[in-house]
Every structure is written in C-alpha cells, then in structure tokens.
Amino acid sequence: MPASVVTPPLPSPRDPVPPVLAEVVRSGFVEGRHRGSLVLLDADGAVELALGDVTQPVFPRSSNKPMQAAGVLRAGLDLSGERLALAAASHSGEPFHRDLVHKMLDEQGLDEALLQCPPDLPLDAEERETYLASGEVRSRVTMNCSGKHTAMLAVCALREWPQDSYLDPAHPLQQLIHEVVEDAAGEKVAAVGTDGCGAPLLAISLTGLARAYRTFALADPASAEGRVATAMRTHPEYVAGTRRPDTWLMRAVPGTLSKMGAEAVQAVALPDGRSLAFKVEDGGGRALGPVLARALRLMGVESPVVERIGRAPVSGGAGVVGEIRAAF
C-alpha cells in the first residue's frame, strides 16, 4: 500500500519565477510570454538540461495515462494492440475512437452508463464541428478519457472489484496504479487530486515524469510497461488522433513515446532512453508545439515532423502576422 500522501504547501511569492519557454510575436512585437519548467534526461537517465524547478511536484494530467494503463495490465486485464493504446489515450473523439470504445464495452459486457467520465464533445476541433453538425450530443464515450475508463471498469469486473467506486483513490485498482507511478518515476507521489475525467491524479516532479517515460521506453516488452509502450508506438493514432502532434511524432520517429497532458504538460521518451518533460506554467497549450520542437532539436532529433510540430502561426485578419516561438 502506498504511504500516506501529504499535499505540498502552496508556492511562496518568494519562489523563483520560472524562465520564459515561449514568446508570442505579432507583427515583430513580443506581445506575450509563456513561462515554465523543462527537463531533458540523457540515455543514462542523468539530467542533461534543467530549466526552472524540475524537482517540485506537478500534476502530469493525461501524461500519466501510460502508467494508468500499465496498472490495469498489472491487475490482470489482457489488452493489446489498439485496445491497449486506447486505454492510454486522450483520444480525439474521431469515429474510429468512438467505435472501438463501444466495441470494448460490448466485449467486456459493460454498459456505457457505468462510465464515470463526464459526457463531452470530441477533443479535436475539426471533429467537434462535424460531430455537432450531424446532430450528435455530448456523451461519455466521446469524452477523450473513455478508453481509460472502459479498461478500468473491465478489470474491476474481471477481479470482482467494486465498479461503482472504481475512481476512489482507496480502490484496489487506484492503489495499484499509485504503485506503478512510483515505480516508474522513482519517487513518491507528492499529492493526490482529481483529474478532469474524475480519475485520481497523482503528482510527481517533471524529472520523475521524464524518468517514468524512460522506464517505459526501455522496459522488457513482456512487462506491463513494455506492453503499453509497444501498443502506443504501434497504434499512435489511437493514443491521440489523426491531427495530433503525439501521433505525428510517434509515427515519424519509430520507437518514440509521446503523450501530452492538460494544462500544457508534455512527456516524451526516445527509443535509446533519452527523455523530456515540461510544463508551461500558465497552462497555455498554444506553446506546447514550439517548446516541444525546440526540446527535440536539443536532443538531436532530425525529422521534418519537428518543424511540423513547432509551427504555431499568429493570425491577423486573413493572414499570418507572427508566430509563437521557443525562447530557450
């Protein structure tokens, strides 16, 4: 059982101000800045670069999903391929995502009403417009975490664990996930909160998050961590979607693991164990791509996908008048 968790104190006004990770440039004028913290680990797991405080706990949000999926496997659920990738996903809500969630529910003898994630619209903006235009409404299956919740419910049914309380931090499944997070990160969980989907949210440092992704990238393929890594690498479109940077990166750079989280969190591990994690302090998701692209370049990743990920134009009228760019 994990040790008791103490919520860390709120930051003091005297704490150092995080460095600027990205600038918003309009018509040659810097009109905004996004501050944050970032860590790069080398292939041996040592810190190669640290910007800001990378030892303080953060909520990784959905960047924790590979660890949650590994917890489901450790609990005994037999998932692989697209189904396991979807269990680790923040999916875009495209038709193939929704179809597979429905199929998984049917295969496990579960009803959509048992899902405790909130009803939502597709995460992907383009898909959201199509979905609404067709007359559809918010649903639990469409919510980006529905694959994870389906897997959690399925293992509870398998183990005869309570299904109505599967999101309680004291539930046997959540206790097991807690252990997986600490094992992978190499540190204790610093705080427990509630994620946007209702699942327990476990705080670790950015260094711990980068270490966890390194653990998954180098894991024995037969282990729970290795099985999750294989599924994500093989089916990245189920981890994210057809128009998402995580998918692009895992497709273009074989062996890479990549997963974003809400409030502008990102974690990546390369196949040789080099890894990164960062958080934009203000949660500005528009800075994710430029910061990630710059970090990948610092790690020596040479691929056209890096430029694609880093492209973040600033519009003015019908044209482009600037960009969001990395500042480190």
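**A chat about Q266 and a few other residues**

Reader: Hi! I clicked on Q266. Which residues does Q266 touch, if I skip those up to four places away in sequence?

Author: Hi! Leaving out residues up to four places away in sequence, Q266 touches S63, D246, S258, K259, M260, L276, A277, F278, L288 and L292. Touching, or contact, is heavy atoms within 4.5 Å. Before we go on: this is a predicted model, where local features need pLDDT of at least 70 and side-chain atom pairs pLDDT 80 or more, while totals for chains, interfaces and linings use all residues. Residues are numbered from 1 along each chain as its sequence is written, and side-chain values use heavy atoms, without hydrogens and water.

Reader: Thanks! Which strand does Q266 lie in?

Author: Look for β8, which covers residues 265-269; Q266 lies in that strand. Strands (E, at least two residues) and helices (H or I, at least four) are DSSP runs, numbered from the N terminus.

Reader: Does Q266 count as buried or exposed?

Author: Q266 counts as buried because its relative accessibility is 3%. Buried is under 20% relative accessible area, exposed is over 50%, and partly exposed is in between (1.4 Å probe, protein chains only).

Reader: What joins the side chains of Q266 and S258?

Author: A polar contact of 3.1 Å joins those two side chains. A polar contact is a pair of N or O atoms within 3.5 Å; within protein, one must be able to donate a hydrogen and the other to accept it, and sequence neighbours count only if both atoms are side-chain atoms.

Reader: Okay, new topic. How many aromatic pairs does a search of the whole structure find?

Author: The search of the whole structure turns up one aromatic pair. Phe, Tyr and Trp rings (for Trp, the six-membered one) pair with centres within 6.5 Å; planes under 30 degrees apart are stacked, over 60 edge-to-face, and the rest tilted.

Reader: Which helices does the pair link?

Author: F96 belongs to helix α3 (residues 95-107) and Y238 to helix α9 (residues 236-239). The two residues are 142 residues apart, so the pair links distant parts of the chain.

Reader: And is F96 buried or partly exposed?

Author: F96 is partly exposed, since its relative accessible area is 26%.

Reader: Which residue other than glycine has a positive phi near 55°?

Author: R61 has that value, and R61 is a residue other than glycine. To find R61, go to the loop between β4 (57-58) and α1 (65-74). E263, also not a glycine, has a positive phi near 60°.

Reader: Where is E263 found?

Author: Look in the loop between β7 (257-261) and β8. That brings us back to β8, the strand of Q266.

Reader: Last one: how does E263 count, buried or partly exposed?

Author: E263 has 42% relative accessibility, so E263 counts as partly exposed. Q266, by contrast, is the buried residue we began with, at 3%.
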